[in-house]
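User: I'd like to go through this one with you, a bit at a time. Please keep the answers plain.

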Amino acid sequence: MNTTAWTGHDTQLIIVALLGIAAIVLLITKLKVHPFLALVLGSAFVGLASGVDFPKVISNFEDGVGGVLKEVGLLIALGAMLGKLLADSGGANRVVDTLLDKAKGNKLVWMMTLVAVIIGLPMFFEIGLVLLLPVIVLVAQRSGLKLMRVAIPALAGLSVLHGLVPPHPGPLVAIAALKADLGLTLMFGLAVAVPTVIICGPLLSKLAARWVPVDAPAVAGGIDTQSGPDLNEVKRVPSFGITLFTIVFPVILMLFKAIVDITTPAKDPSTLRVFADFIGEPLVAMTLAVILAMVTFGYAVGFNGSTITSKLGASLGPIAAIILIVGAGGGFKQTLIGAGVGDAVAKWATGANISVLVLGFLIAVALRLATGSATVATVTAAGIVAPLASGLSPAHGALLVLAIGAGSLFLSHVNDAGFWLVKELFGLTVGQTFKTWSVMETLISVVGFVCVMLLSFVVP
């Protein structure tokens with residue numbers, strides 16, 4: 001990491017990054033350019049205006065696209081397959097009917113929050129979102145609630161758990177870098193997560209539904225949520241128990257991996273550790289979930305092999321644009337990193353003379369704004385403050401991990417692939433995504449950090 005004094009070039013990088021972000025927003029909102037093309041053009045501008053060599057401008061963008069698609073892109077595709085079978089088999093309707101029978105109005109919103117928290121505990125944000133998407137949309141349609149009244153609580157539950165609670169990658173990386181205690185971080189993380197989810201989920205959703213009073217889309221993530229199952233094909237609608245088990249199957253696999261990782265040494269070569277690490281990997285877990293869904297939502301309801309294959313294929317066409325846009329968001333993020341924007345922020349941080357918890361939070365915020373990557377923000381911020389963490393108590397070391405995690409979630413915008421994923425899956429405009437998703441992420445960051453600071457006053 002380059003930690004020399006701030007230069008005029010660093011100032012230029014920050015200005016170029018801001019202009020690039022503004023250009024992307026302008027192209028999409030005012031000139032109606034397709035988001036994928038706008039992100040490509042914005043990346044080219046940032047790379048060239050920053051003085052990056054022509055070949056490197058291209059390779060940075062390609063690396064960013066590839067990095068996102070090899071993780072998120074494959075998971076979106078598998079999630080779309082699972083979602084298509086869930087919807088067409090009548091399983092999604094079965095879940096929604098059960099939820100509506102158990103709760104109405106505000107109670108339904110709180111129940112959606114609880115479901116998202118349970119799924120989000122072991123699961124990456126992107127997987128949880130594509131799994132819950134049909135349920136979110138159908139609940140909004142059938143209950144008469146505005147989309148954001150149902151979606152924001154689910155998004156908050158998934159996002160908070162992903163950013164603050166081990167065994168998610170961000171907190172684990174920070175724990176390793178800061179040599180923090182895993183058990184304390186998990187305990188404090190859950191203590192911070194509960195009030196943060198409540199404030200930024202069910203409570204915020206009341207305002208978000210007024211700011212963006214949209215109804216649920218007819219087609220979400222490539223799934224026609226209004227058509228329902230074809231009764232000529234579906235002979236037996238799956239039971240609620242079977243449907244729920246199929247949905248949470250990847251959650252179970254990932255939670256199993258997390259438990260084994262926590263309870264066994266990192267270098268343990270045992271068969272159990274190897275097996276758990278394999279089946280708990282998101283790609284493997286989701287692939288196995290789709291195979292299970294082919295049975296529970298396919299053959300078991302009366303579909304034949306060719307029908308199942310046809311439905312799986314039909315699920316992929318509508319999400320092609322979503323995958324490309326999300327990938328281009330990753331390309332823009334990597335363009336900013338490759339241009340040196342992240343290093344420029346790190347230079348500023350080394351000269352700050354403030355509380356280590358506040359410093360960790362602010363560094364993560366700055367890196368998140370500059371690069372769009374929560375992971376980059378977490379890794380870099382943890383590396384910068386690591387020397388300052390050696391004198392902290394175990395409890396405050398754990399709180400530093402959470403302060404960095406809270407900062408890494410601040411203001412998701414056009415350089416974050418998650419921004420585009422939410423926008424496209426829910427059929428929102430750029431402005432509507434800023435008013436809902438971006439506001440929610442910012443509030444999560446601030447509320448989470450306030451909770452961390454309050455804890456810092458009462459723990460030794």
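User: Start with α19. Which residue caps the N-terminal end?
Analyst: D416 does, with a side-chain oxygen 3.1 Å from the backbone nitrogen of G418. Helices here are DSSP runs of H or I with at least four residues, strands are runs of E with at least two, and both are numbered from the N terminus. The model is predicted: local features need pLDDT of at least 70, side-chain atom pairs count only at pLDDT 80 or more, and totals for chains, interfaces and linings use all residues. Residues are numbered from 1 along each chain as its sequence is written, and side-chain values use heavy atoms, with hydrogens and water left out.

User: Is α19 enclosed or open? How many of its residues are buried?
Analyst: Helix α19 (residues 417-426) has 9 of its 10 residues buried, so it is largely enclosed by the rest of the structure. Buried means under 20% relative accessible area, exposed means over 50%, and partly exposed is in between (1.4 Å probe, protein chains only). Among the buried residues of α19 are F419, W420, K423 and F426.

User: Which residues touch the most other members of the largest nonpolar core?
Analyst: W420 and F426, in a core of 154 residues. A nonpolar core is a set of buried Ala, Val, Leu, Ile, Met, Phe, Trp, Tyr and Cys residues joined through side-chain atoms within 4.5 Å. Helix α3 (residues 54-88) gives the largest share of this core, 14 residues.

User: Now rings. How many aromatic pairs are there?
Analyst: There are 5. Rings of Phe, Tyr and Trp (its six-membered ring) pair if their centres lie within 6.5 Å; planes under 30 degrees apart count as stacked, over 60 as edge-to-face and the rest as tilted. F125 and W437 form a tilted pair, 5.3 Å centre to centre with 40° between the planes.

User: Where do F125 and W437 sit in the chain?
Analyst: F125 is in helix α6 (residues 125-143) and W437 in helix α20 (residues 430-456), 312 residues apart, and the pair links these distant parts of the chain. F125 is buried at 5% relative accessible area, and W437 is buried at 3%.

User: What about F245 and F249?
Analyst: Those two also form a tilted pair, 5.8 Å centre to centre and 55° between the planes. Because F245 and F249 are 4 residues apart in helix α10 (residues 240-263), they are separated by about one helical turn. F245 is partly exposed at 40%, whereas F249 is buried at 17%.

User: Which residues do ring pairs link into a cluster?
Analyst: F419, W420 and F434.

User: Which ring does the charged end of K311 sit over?
Analyst: The ring of F303, at 5.1 Å from its centre. The rule is that NZ of Lys or CZ of Arg is within 6 Å of the ring centre and within 35 degrees of the ring normal.

User: Change of topic. What does R142 touch?
Analyst: R142, which is in helix α6, touches N93, V96, D97 and L100, leaving out residues up to four places away in sequence. A polar contact of 3.2 Å joins the side chains of R142 and N93. A polar contact is a pair of N or O atoms within 3.5 Å; within protein, one must be able to donate a hydrogen and the other to accept it, and residues adjacent in sequence count only if both atoms are side-chain atoms.

User: How many disulfides does the structure hold?
Analyst: It holds 0, a disulfide being a pair of cysteine sulfur atoms within 2.5 Å.

User: Last one. Where is K32, and what is its phi?
Analyst: K32 lies in the loop between α1 (8-29) and α2 (35-49). Its phi is near 60°, a positive value in a residue other than glycine. Most residues other than glycine have a negative phi. K32 is exposed, at 65% relative accessible area.

Note on methods:
Contact = heavy atoms within 4.5 Å.
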